[in-house]
Amino acid sequence: MVSAEAGIERVLWTEAEVAARVGEVAAELAADLRALPEPAVVVGVATGALLFLADLVRRVDAPLAVDFVRVESYGGGTESSGKPRITADLKVDVAGKHVVVVEDIVDTGNTLSCLIAHLEKKGASSISVCTFLDKPARRKVDIQLVGDGKFYSGFECPDYFVVGYGLDYAELYRNLPYVGVLKPEKYKKDSSN
Ligand code: 5GP
Ligand code: MG
Ligand code: MG
């Protein structure tokens with residue numbers, strides 16, 4: 001049997017480091033959400049935010065709703081197409097609500113910008129972003145928060161294609177409890193698309 005770890009070149013953040021940092025981000029977020037007059041809506045971006053969202057919200061002691069959206073811009077490769085689309089929308093009504101978008105990673109910023117515009121159109125009164133990883137070296141568009149929105153980030157990510165803790169390559173590796181760099185030979189064959 002092949003282990004899920006096969007293909008990982010090196011680990012950037014171990015399971016223990018991830019847990020410790022998620023706890024810190026959750027404490028910061030919880031303090032802000034408790035100060036709001038009504039429950040926030042936490043919007044996870046499927047599928048990558050799955051693990052981070054689950055670990056984060058169970059540590060946030062504040063009333064909140066959880067929902068998911070799906071925004072797709074990547075094919076099976078490691079480069080974004082740059083034109084994200086909302087392919088599955090919210091169930092919860094966010095009009096007049098404080099929304100916290102939970103992402104696995106902010107790379108070019110295209111996905112978040114598209115989603116923030118979408119949530120603003122739905123009438124969210126403020127929009128914060130809580131991302132597990134932030135890769136500022138690759139940013140192409142600034143993230144425009146809305147109202148009193150804040151930007152929360154777990155770790156600053158160096159400019160590698162990383163997998164694990166929700167992040168995939170061709171839908172694999174999401175179940176790794178740590179974050180690692182994929183061996184280049186794992187994606188070299190199709191990185192030209
Ligand atoms: P952006 O639109 O900011 O360029 O990209 C956001 C999305 O691209 C992320 O939510 C994630 O799905 C994917 N992405 C960007 N960088 C990486 C990376 O290093 N590893 C993985 N697995 N996905 C990434
Ligand atoms: Mg994502
Ligand atoms: Mg992906």
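Two residues are in contact if their C-beta atoms, placed from the backbone, lie within 7 Å. The structure described here is a predicted model. In this model, the buried residues of helix H2 are covered by elements that include helix H1 (15-34), strand E2 (40-46), E5 and strand E6 (126-134).

Helix H2 itself spans residues 50-57. Its residues Leu51, Phe52, Leu53 and Leu56 are buried.

Which residues of E5 are buried? Nine of the nine residues are, so E5 is largely enclosed by the rest of the structure. A residue counts as buried if 20 or more other C-beta atoms lie within 10 Å of its own. Strand E5 covers residues 98-106.

E5 runs parallel to E2, to which four bridges join it. Within this pairing, Val41 stands opposite Val99 in E5. E5 also runs parallel to E6, and here eight bridges connect the two strands. Val99 has a bridge partner in E6 as well, namely Ile127. Together with helix H3, the strands E5 and E6 form a right-handed β-α-β unit.

## The three-stranded sheet

Strands of a sheet pair through backbone hydrogen bonds, either parallel or antiparallel. What is the order of the open sheet of three strands? The order is E1-E9-E8, and the pairing is antiparallel. The edge strands are E1 (8-13) and E8, each of which pairs on one side only.

Strand E9 comprises residues 179-182, and four bridges link it to E1 in the antiparallel sense. Arg10 stands opposite Val181 in E9.

## The shell around ligand 1

How many residues surround ligand 1? There are 20, and the closest are Asp107, Thr108, Asn110, Thr111 and Leu167.

Strand E3 (64-74), strand E4 (80-88), strand E5 (98-106), helix H3 (110-121) and strand E8 (162-163) each supply at least two of its residues. Which element provides the largest share of the shell? That element is E5, with four residues.

H3 belongs to the right-handed β-α-β unit and gives at least two residues to the shell around ligand 1.

Notes: Residues numbered from 1 in each chain as written. Chains lettered and ligands numbered in written order. Predicted model: local features only at pLDDT ≥ 70, side-chain atom pairs only at ≥ 80, totals over all residues. Near = placed C-beta within 6 Å. Buried ≥ 20, exposed ≤ 12 C-beta atoms within 10 Å, placed from the backbone. Pairing = 2+ DSSP bridges. Right-handed = clockwise from strand over helix to strand, strands pointing away.
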